[in-house]
Every structure is written in C-alpha cells, then in structure tokens.
Amino acid sequence: MIKAVRGFKDLLPEEAGVFRWLEEQAREILRRYGFSEIRLPILERTELFARSIGESTDIVEKEMYTFQDRSGDSLTLRPEATAGVVRAFIEHGLYNRPKPLKLFTIGPMFRHERPQKGRLRQFHQIDVEVFGAASAGMDAELVALALGILRAGGARDLRLEINSLGCPGCRGPYREALREFLFSRRERLCEDCRRRAERNPLRALDCKREGCQREYQEAPMLSAFLCEDCRRHYQHFKTYLQEGGILFIENPRLVRGLDYYTRTIFEIKAPGLGAQDTVAAGGRYDGLVSALGGPETPAVGFAIGMERWWLVSRGSQREVAAPDLFIAPLGEEARRWAFRLAALLRDRGLKVESDYEGRSLKALLRQADRLSARWALILGEQELQEQRALLRDLASGTQLSLPFRDLEDLLNRVLIEILF
RNA sequence: GUGACCGUAGCUCAGGUGGUCAGAGCGCCGGGCUGUGGCCCCGGAGAUCGUGGGUUCGAGUCCCACCGGUCACCCCA
C-alpha cells in the first residue's frame with residue numbers, strides 16, 4: 001500500500017472541518033485589523049531563502065526541501081512565508097502602495113525535520129506582515145492581533161515572551177562582546193555552543209544545557225548594548241502592551257531562528273503542546289526588504305502554526321450540514337424523477353440528496369436517517385402512477401401523501417422556512 | 001540526524017511460558033418488517049497479524065534488519 005510521505009498528513013472530512021473553522025476565525029479577526037490576503041507560490045528559488053533566513057541557520061543548513069528542476073534551477077519548497085511575501089512585495093512594486101501595507105497569507109510550509117507532537121514536515125501557517133510601519137505601536141498591535149486570533153480559536157493561558165534584538169548598529173558590537181565571552185569560557189561549554197560561538201553566538205544563549213546556562217549567567221546582555229533608538233523602541237513597545245492590558249514576560253535570552261530579525265521579537269507559548277510549545281512567533285525585520293533589493297522599508301510580522309493552534313483550540317467538531325430533504329426513489333422511473341427533482345431543488349438553494357443504487361426503501365430511509373435529513377420524499381411506483389409522493393418528517397415519523405401539483409407549493413413554503 | 005516506546009479487521013482493542021489464536025466491540029452491507037429510518041435480534045463482507053529474513057517439526061507470539069507511528073533531543077510554527 002502506498003502511504004502518505006512521512007510527516008505529511010491527510011485531513012479527513014471531520015478534521016478538515018475543524019481546520020476550516022479555525023481559518024475562518026482567523027480571517028474574521030484579520031479583517032477587523034484591516035489585513036488583505038495574498039496568495040503565493042509554495043516553491044521559490046533556493047537563493048531567496050538562503051539570503052533572507054540566513055545561510056548558517058538550521059533551516060537553511062539542513063531542513064529545506066531543495067531540488068533541481070528540469071532546467072537545472074535550484075528550487076525549494078518554502079520553509080516559512082516571510083521571504084516569499086517580501087519577494088512579492090518587491091517584485092510587484094507594492095512599496096508604491098499606501099503605507100502601512102497589511103498582508104496575510106495562509107498555506108503550507110515544509111521543513112525536513114523529525115516529526116513529533118506539534119511538528120510536521122508539511123505544516124500550515126497563518127503569516128501576517130506589515131510593511132512601512134516603523135513605530136513600536138504596530139509591533140504591539142500585531143501582538144494583540146496574534147493573541148486575538150489564537151483566542152478566537154479557543155486557546156487559553158497563552159504566555160507572551162518578548163525581547164529586543166537591536167539593530168545592526170548595536171547588535172554588531174554586542175555580538176563581538178558575546179563571542180569574546182564565549183571563547184573565554186569555551187572549555188566549559190558544550191560542543192554545540194562552541195560551534196555557535198563562531199557561527200551564531202546569539203543562539204548559544206538559549207542553549208538548554210544546565211552547564212552552559214550556568215556560564216551564561218555572567219554573559220554580557222544585549223539589553224546593555226542597545227543603542228538609544230532601539231532602547232526607546234523597545235520601551236515604547238512595552239508601553240503599548242501595557243496600555244492594551246497585554247501581559248508579557250521579558251526574556252533576554254529569547255532569540256529567533258532566522259537571521260533577519262531586528263529590534264522587537266516575540267513568541268506566544270501555550271500549555272499543553274508538549275516540547276513544541278510556541279504557537280506563534282514573529283518580530284520586526286527592518287533590513288530584509290532592502291537586503292533583497294527593495295527600497296528601505298521597515299516591516300513587522302508573525303506567523304501562527306495552524307496545527308499547534310489546533311492542538312490548543314477547542315476542537316469544534318463541525319459535521320457536514322444535514323440535508324433538508326432526502327429523496328428515496330423506488331424503481332428506475334422514480335430514480336430519474338428523483339434526479340430531476342433534486343437538481344431543481346438544489347437550484348433553489350435546498351440541500352438535497354438522493355440515491356440511485358436501487359436499494360430497498362428500508363436502506364434508503366436508514367441512509368436518510370444517518371444523514372440527519374429533515375424530510376424524506378418517498379417516490380414509489382404506486383405514488384408515481386397516482387402522480388403523488390410521500391413526504392415524511394423524519395423526526396416525528398409522520399408523513400403525508402400529496403399530489404405533485406401540491407408538492408411545489410409545499411416545498412416553496414419549506415424553502416421560505418429554511419431561508420428566512 | 002540521535003534516542004525511547006509502539007505497529008493484530010475501516011476504528012478501538014483481546015490474544016500467559018511458541019502448537020484451532022486469527023477474535024470482540026463499534027462501523028459497513030443485508031435479513032427479521034416481500035414499500036418505511038432511529039431500538040432490538042440474526043447473518044455477511046472485511047486481517048497475507050507493518051515488511052523481509054532467521055530460529056523451530058511448528059511463530060501474531062522468539063531473534064535480526066528495514067519501514068511506519070508516537071514522544072523526546074537538536075531546532076522550530
């Protein structure tokens with residue numbers, strides 16, 4: 001038997017219903033905040049991700065689905081959405097539109113990691129980006145938006161962690177100071193951290209090993225290196241959050257896995273997710289648009305992991321809507337009649353089902369019952385001869401025989417009852 | 001990429017120390033009610049016991065490998 005690829009999941013009807021419901025909640029909140037949807041390819045040139053996410057990040061180094069297409073180009077299934085949004089922003093000159101430009105996109109992302117709770121190889125994100133807003137007020141508004149979406153899905157007990165990564169101006173000197181510190185203690189650090197000390201010193205700080213963390217108690221803090229502007233921005237951000245009654249935890253060790261972030265970064269964690277407890281994360285990336293060839297454009301964004309959000313939402317199991325009418329035809333002529341009638345009623349907005357398998361009346365009614373149909377229209381050979389049909393109320397079990405010419409009138413009244 | 005645990009019908013699971021052990025419940029199809037659902041009763045279809053080797057007279061039950069699932073590490077949504 002051919003099975004789905006590891007880490008790729010099918011969503012059966014019941015699950016797809018919940019997924020869709022979540023998406024609808026998100027879209028409604030996004031609408032209130034003034035965001036517009038964009039739809040993007042899930043395949044991009046590998047170079048786009050290498051340049052935006054960062055060459056030495058785990059994502060680029062070992063998690064991307066990269067391959068050569070038939071013309072020899074290196075393409076990659078997107079591991080995250082921001083790079084593609086920025087690419088489209090530049091490619092279509094969206095920087096000429098009124099600012100701020102608020103966009104969101106929903107779709108699958110791909111990362112070749114070992115699957116576990118809250119982690120798939122194909123997973124889905126709601127990705128939200130704002131271009132052309134430099135102030136911390138927008139950072140805070142995005143946090144409020146993320147929390148609003150998550151709560152609309154029923155997520156509770158969310159924990160917001162924030163930090164500031166500074167700008168290239170202040171992060172450079174800090175990075176050097178940190179690197180020096182790491183080298184001075186390298187004997188006492190784990191293997192991973194020694195490697196990080198060279199390639200990506202900031203990442204060492206969120207090492208999970210106790211031994212390393214003990215050393216880092218004395219490590220220089222980025223907050224001490226923030227330039228005046230970055231410090232003020234961070235302060236404003238916190239002020240706005242407080243203004244909105246949004247509780248947060250400052251986590252000076254918080255670092256993100258992508259290189260493009262500047263200043264504000266945040267993560268929203270939820271209980272009950274196991275080891276992967278971050279359900280949404282994002283931050284500011286003021287340098288990315290220009291780095292990819294666009295005009296200097298401040299930008300902030302975040303992404304919500306749909307599957308993780310799902311895990312902490314109230315899984316509102318929505319079934320397929322029940323039919324208004326189930327037509328139970330007996331005999332070939334009745335079946336043809338049912339076929340025409342079903343199409344007619346559907347055109348008028350009724351949800352109608354029938355069955356052409358030539359099953360017994362008993363089987364047909366069982367089917368109608370299972371579908372939770374409101375009425376069954378029994379169309380037997382006897383009825384057909386008399387130009388009548390039996391309309392049965394499936395809840396009460398009462399039924400009446402009525403001539404075809406009354407059928408239309410009755411169904412019209414039924415229609416009105418349903419639609420209004 | 002590393003580790004631990006797990007893998008029997010569509011689903012949830014039973015199957016001491018290897019020898020009618022290939023089962024149950026639910027679901028599905030049908031019958032009892034020859035044209036009337038939901039309850040009840042009866043019957044049926046459906047499993048090469050994840051795959052491939054090995055040990056043995058004999059393996060779902062033991063061993064090995066592989067595949068897959070789950071959780072954790074790394075990292076991340």
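Here are some worked exercises on a predicted model.

Before you start: residues are numbered from 1 along each chain as its sequence is written, and chains are lettered from A and ligands numbered from 1 in the order in which they are written. Local features need pLDDT of at least 70 and side-chain atom pairs pLDDT 80 or more, while totals for chains, interfaces and linings use all residues, and side-chain values use heavy atoms, with hydrogens and water left out.

**Exercise 1. Domains**

Task: Find how chain A is divided into domains, and how far apart the C-alpha centres of domain 1 and domain 2 lie.

Solution: 
- Step 1. Domain 1 takes in 13-167 + 227-312, and domain 2 covers 325-419. These bounds come from an automatic or database domain assignment.
- Step 2. Take the C-alpha centres of domain 1 and domain 2: they are 51 Å apart.

**Exercise 2. Two helices**

Task: Work out which residues of α2 are buried and which of α4 are, then see what packs around each helix.

Solution: 
- Step 1. Helices (H or I, at least four residues) and strands (E, at least two) are DSSP runs, numbered from the N terminus. Buried means under 20% relative accessible area, exposed over 50%, and partly exposed in between (1.4 Å probe, protein chains only). Contact means heavy atoms within 4.5 Å.
- Step 2. In α2 (residues 46-53), six of the eight residues are buried, so the rest of the structure largely encloses this helix. They are Thr46, Leu48, Phe49, Ala50, Ser52 and Ile53.
- Step 3. These buried residues pack against β2 (43-45), α3 (58-63), β3 (65-68), β4 (74-77), α4 and α11 (288-291).
- Step 4. Now α4: eight of its 10 residues are buried, so it too is largely enclosed by the rest of the structure. The set is Thr82, Ala83, Gly84, Val85, Val86, Ala88, Phe89 and Ile90.
- Step 5. Their cover includes β2, α2, β5 (101-110), β6 and α11.
- Step 6. Check what comes next in the chain. Gly54 follows α2 with a positive phi near 115°, and Gly93 follows α4 with a positive phi near 60°.

**Exercise 3. The cores**

Task: Find which members of the largest nonpolar core touch the most other members, and which helix gives the largest share of this core.

Solution: 
- Step 1. A nonpolar core is a set of buried Ala, Val, Leu, Ile, Met, Phe, Trp, Tyr and Cys residues joined through side-chain atoms within 4.5 Å.
- Step 2. The largest one has 51 residues, and Val86, Phe131, Leu178, Leu182, Cys193 and Tyr216 touch the most other members.
- Step 3. Helix α4 (residues 82-91) gives the largest share, six residues.
- Step 4. A second, separate core of 46 residues includes Ile29, Leu160, Phe237 and Met306.
- Step 5. Zoom in on Phe131. Skipping neighbours within four places in sequence, its contacts include Val85, Val86, Phe89, Lys99, Pro100 and Tyr285.
- Step 6. Look at Lys99 and Pro100 again: a cis peptide bond joins them, with omega about 0°. Pro100 sits in the loop between α4 and β5.

**Exercise 4. Two positive phi values**

Task: Asp157 and Arg263 each have a positive phi; decide whether each counts as buried or exposed.

Solution: 
- Step 1. Asp157 has phi near 55° and lies in the loop between α5 (136-152) and β7 (159-164). Its relative accessibility is 63%, so Asp157 counts as exposed.
- Step 2. Arg263 has phi near 50° and lies in strand β9 (residues 262-269). Its relative accessibility is 16%, so Arg263 counts as buried.
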